[in-house]
Amino acid sequence: MSERDQSLDIAVTGMAAYLPGIDDYSGGLSAWWRTQLAGAVHTRRYTREHLLAVGVPERIVADADYVPLHGHLGRWARFDHDFFGISPREAELIDPQHRLMLEVSWNALEDAGIAPRHPAATTGVFASMTGSGYLRAAMRHTPDMDPDLVDDLIHGSDPDFAAARIAYKLGLTGPALAVQTACSSSLVSTHLAVQALLNRDCDQAIVVAAGFGYPQAGYLHLPGGVLSPTGSCRPFDKDADGVVPGSGVACVVLRRLEDVNDADAPPHGVILGSAVNNDGNAKAGFYVPSPASQEAAIRSALTLADVGGDSVGYLESHGTGTPLGDPIEWTAASNAYRAAGARHAAVAVGALKASIGHLDAAAGLAGLIRAILVVRDGVVPPVAGFTALNPLLDIENSPLWLPTEATPLDAGTAPRRAGVSAFGIGGTNAHIVIEQFRDNRGNRPPGAEPRDQLVLVSAADTATLDRLAGQLADHLDREQPDLAEACATLAAGRTHLGERLAVTGRSSSEVAERLRRPHQRVQRRLRRDRPDPAIFVFPGQGTQRAGMAIPYDAALPGFGEHLDDVLNTFPPRDATRIMQALFDTDFPPDEIDQTALAQPSIFALQVAAARSLIDLGVAPAAVCGHSLGELSALHIAGVLSLTDAANFVSRRGEAMQECSEGAMAAFAGPADQAAALVERWHLELELSAVNGPDSCVLSGSAAAVAALRGQVGDTVPVRTLRTTRAFHSRLIEPAVRTLAKVADTMSLGEAAIPVALSVSGAMLPAGAAPAAQMLADQARLPVLFDQALQALHLEFPAATTVEVGPGCSLSAFAEGVGFTTATLGRRAGAEGNAVLSGLGTMWTLGHPVPVAPPSRARRLHLPPYPFFGPVRVAPETMPGGKNTAFVPPVAAGPPEETGHHHEVDAATAMRQIWSEILGLDDLSDTADFFALGGDSLLISRLIRRANTEFDIRLPVRRMLSARTLHAQVAIVREIRGG
C-alpha cells in the first residue's frame, strides 16, 4: 500500500473520564489503566439496605430475578456548583450526567494543555447521554410540581441541553450537538466531531458522554432479555448470559493532527478513519443486530483510514456478552478484518464491559479511551473474568483472539493500530480506526543548566487547592518530568482560579517537596476580580551586590532589551562597567560599593525591571523611592526623561564619591529617641532617614557611628550600613551644590501618576511637576520614607507595594504601614531566584506575570482538577422523599387570598424567596443575585413569586438592574407604597 495521506488524521489531544474503578481524581486514568491490565472487575453488589434507601421498591428487591449489581460511580452526587457559577438550588435540578460531563470536559481540556473557559481555538461540543432517570424520579416524587420548576428540571436533565450547557459554561463557540443513537451514541459523536474538524466547522472538538442509571441500583432480569441473570458480563465466553449495566462519564478532545505544533502536549493517539451506518430492515427484528451491516461499517472505516487489516493488532469490541450478540459481532469483525488482510489470530480482542459494565451512551467513548491507552502504551489488557471461549465462535478462520493476561502489542517498526466498535440498539453501527502517536517533531535541544522555575497552581477553594498540590507533587516525584515544561503547562494551559499558590524550585523533586510544605509556598485567596492597585517602591544605595541583574534577566521577559536602552544613555566605558557589575558575580565588592558605580547600576536595574513589569501589564498606580530610588520613581512617573535621569544619577554618584568619607547606622528605635541619644552623648551624627515608627538612620563620620554603637551596646539594635559615604548629612553638601547646577539645565515634566516624595513625605499628584532644585536638595535632606508611605496608604489603602531593586528592606516598612507587599529583591541568606518568587507572590495577588512558556517548553499531561464538591447536591435519598429540591416553592393553582399582603415584611419575604430560589441561607443585604448563580430564568421566577406574595407587579427591567437583595427590597417597598 502506498504511503498514507495524513492530512485527514485527527489527534486525540486530551482525555478524561470518571469510570467504575476510579474512586477519585488523584490517580485518574493512569491508576484505572493499571487495574485494566490486571483484569479487574469494577462492579458493585448492593445490600438490601442500600437498595431500599435509594428508593427501589421492596417488592422489586425481593423478586427472585432481581440482580443487585451495577458498575458503580462512588462520588456522583458531589458537584462543585460554585465552580461553574451555579446556585445550589439550580444544581439540584440538573441531572448528574450534565454535572459530570461539565467536570470531565474541563479536565479533558486541561489534559490537552488548553486553559478551559474561552479557549483560543473555535471549539465544538458533541455530547451524548442516557435518558434521564433523574427526571423520571423527580416527576414521580412530586407529580404536582410547579410548571416553572418542571421547565428548569427538563432543561437540566434532557439530553438535548447537555452540549449547550457545556458550551455556555466553558465559553465554547463551535457547534454544540446532542447525538443520540443508543449504545453507539458516543462513538457516533466522535465520528461527527471528526467530520466537523475536517469540514472546518471548528478547530477543536470536545466529545463527551455519560451513561448513568438513577438511582444506582440493580436490575430486574427478564427471561430472554439482554441483562445477565448472574451479574457477570462475560463477552465471547462460554458462560456468557448477558450484559450488566454500569455508570460512567468519558471525554476526549480532538484536533486536526496537522495543527498540533511543537509547543503542544503529545497527543494520546490519532484517529485515522471512522464510519457509521444502520442495519435498516435487513434483520429479524428491531433489537436484532445485523452482521452484514456491522461488517460494512468496519470495512468502511478501514478503507477511509487507508490501512490494511494486517496493520491492526487490537480490537476494542462492543462486547455485550449476550448469547446472540457475541457470535454476530465475532463473525462480522472476523470477516471485515480478514478481507482487509488480517492474518489468523493476529488481532487481540478487548471487551471493556466485562470490567465496568455497559455504560450505554458512554460505552463507545470509554472503549475508545481504553483502545488509545492500548496503542499508546503497547499493552493489551485481558478480558476480565474470562473462562473459556464460546464454542459458537469460529476461531479456525478468524484473525481474532482473546487475551487472558496482559500481553505486549508489538507492531515492530510500524505504528500500533486498533479498531473500536460500538453498535446501538436499533442498528446504528460505528467503527473507528486509531493508531499510536509517534512524535516526529524532532528532539528537544538539551536542557541548559538547571535553573529556578516558577510553579503556579490554582483552584476554586482551599481544600481543592491542597488536593491539587498533593496530586501534582506525587506526579512530579513519580514521573520526574521536565520542570520547565510542567511550569509552562500550569501557567499557560490551566485557567487561573481564585485560590492560588506559587513555589519555585530547580527540580521536580524540590518543587514536590515545597508543594507539600505550606510554609515553603506563597498562598492567597483573590479578594476581587481585579488585582489591587500596584505601587512600585524603589530602594536606594546599600542593597547593591555583584551580579544583581542575573535573576531579573532570567525571570523577566524583555528585561535585557530595556536594560540595553538604559545603558545606551551612559558613556560606553561607564555602560560596560555597569554591565559587568550587574552580571559578574565575581565583580569586586569594594568597587561596586563605590557611589560612582553603585548608583547608576542600581538605577539601571530598577528602570529596566519596572519597564518590564509594565510591559507585562503591571501598571503602577503610584510610585515612591528611597533616596536614590526617588530618581527611578520620578522617571517611571514621567517627571524625568530617561536621558536626564541617567545623566543626573551618574553625576550624583560621582559628586557623592568626591565627598568626604562617612558612615551610616540603622537605629531600631523611634527617631526622637535616636536624636535624644545623639544629643546626650554629643555625637556628630544627623538624622538622615525615618523609615518607620521604630526605624531610622543616622549619618556622620565613621568614628561617630562607632561611638554610637559603643554607647548603645545591647540596649537598642544598631547596624552599620554598607556604604562609604554619610548620605543626607552635612558631609554631602559639596555634592548638593554640584547637583543644583545640573538640575538647572533639566526640564521636569508633569507626573503621569502620583509620586510619594520621600524628600518631603507628601504626595506629588498626577499632573503636577516638582521644582528642579528638589533633585539636589533630596541628596541632603533626610528621607521621610515613613511619611511618604503613610501618605500613599491614605490614598491607596488596598494597594500592593512591589519593591523593585536588588534588596527587600523597604517591604518591611510598607507592611508596617498596612500594605500587602511583594518584593523582587533577595533577602539575606535566601536561596533561589527572588525575582521569580516575587512574581509568584504578585500572581497570587492577581497581577499578571510572565506565563508564556520558553521556546523549548512543551506542554505536558498533568493531573486533572480534583472536583470534589459538597455532598449536599442531589443525595441518593431523593426518590425516597428526603431531597427538597423538587418540592414546589409555590403550590400549583391560584394563590390563596389572605387580604394581608401589605402586612408581609418586604425584607423578610424577599430574603425567603431568594433563599428558596437559590438554595442559599445567610444572605446579606449586599448579596448579588447573579453572582450567586442567578440568571434571567431565575429572576423571572423570583418576580413571579414576589408579585404573588405582595399582590403587585414588579418591573422586570428594574429588577434585573437591581442585582442586590437590598436594592430589590427597596423596589418592592416603593411599589407597595411603604
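Colleague: What supplies the largest share of the lining of the largest cavity?

Modeller: Helix α13 does, with four residues, helices being DSSP runs of H or I of at least four residues and strands runs of E of at least two, numbered from the N terminus. The model is predicted, so local features need pLDDT of at least 70 and side-chain atom pairs 80 or more, whereas totals for chains, interfaces and linings use all residues. Residues are numbered from 1 along each chain as its sequence is written, and side-chain values use heavy atoms, without hydrogens and water.

Colleague: What makes this space a cavity, and how much space lies in it?

Modeller: On a 1 Å grid over the protein atoms alone, a cavity is a set of points where a 1.4 Å probe fits but cannot get out, and lining residues have an atom within 4 Å of a point. About 90 Å³ of space lies in the largest cavity, and S317, L352, K353, A363 and G367 are the closest to its centre among its 14 lining residues. The second largest cavity holds about 80 Å³, and strand β18 (residues 453–459) gives the largest share of its lining, three residues.

Colleague: Why is S758 called buried?

Modeller: Buried means under 20% relative accessible area with a 1.4 Å probe, protein chains only, and S758 has 1%, so S758 is buried. This residue lies in the loop between β27 (755–757) and β28 (762–764).

Colleague: Which residues is S758 in contact with, beyond its neighbours within four places in sequence?

Modeller: Contact means heavy atoms within 4.5 Å, and S758 is in contact with G625, H626, S627, E630, P782, V783, L784, F785 and A788.

Key: Buried means under 20% relative accessible area, exposed over 50%, partly exposed in between (1.4 Å probe, protein chains only). On a 1 Å grid over the protein atoms alone, a cavity is a set of points where a 1.4 Å probe fits but cannot get out, and a pocket is an open set with protein on both sides within 12 Å along at least five of seven lines; lining residues have an atom within 4 Å of a point. Grid points are joined across faces, edges and corners, and a volume is the space filled by probe spheres set on the points.
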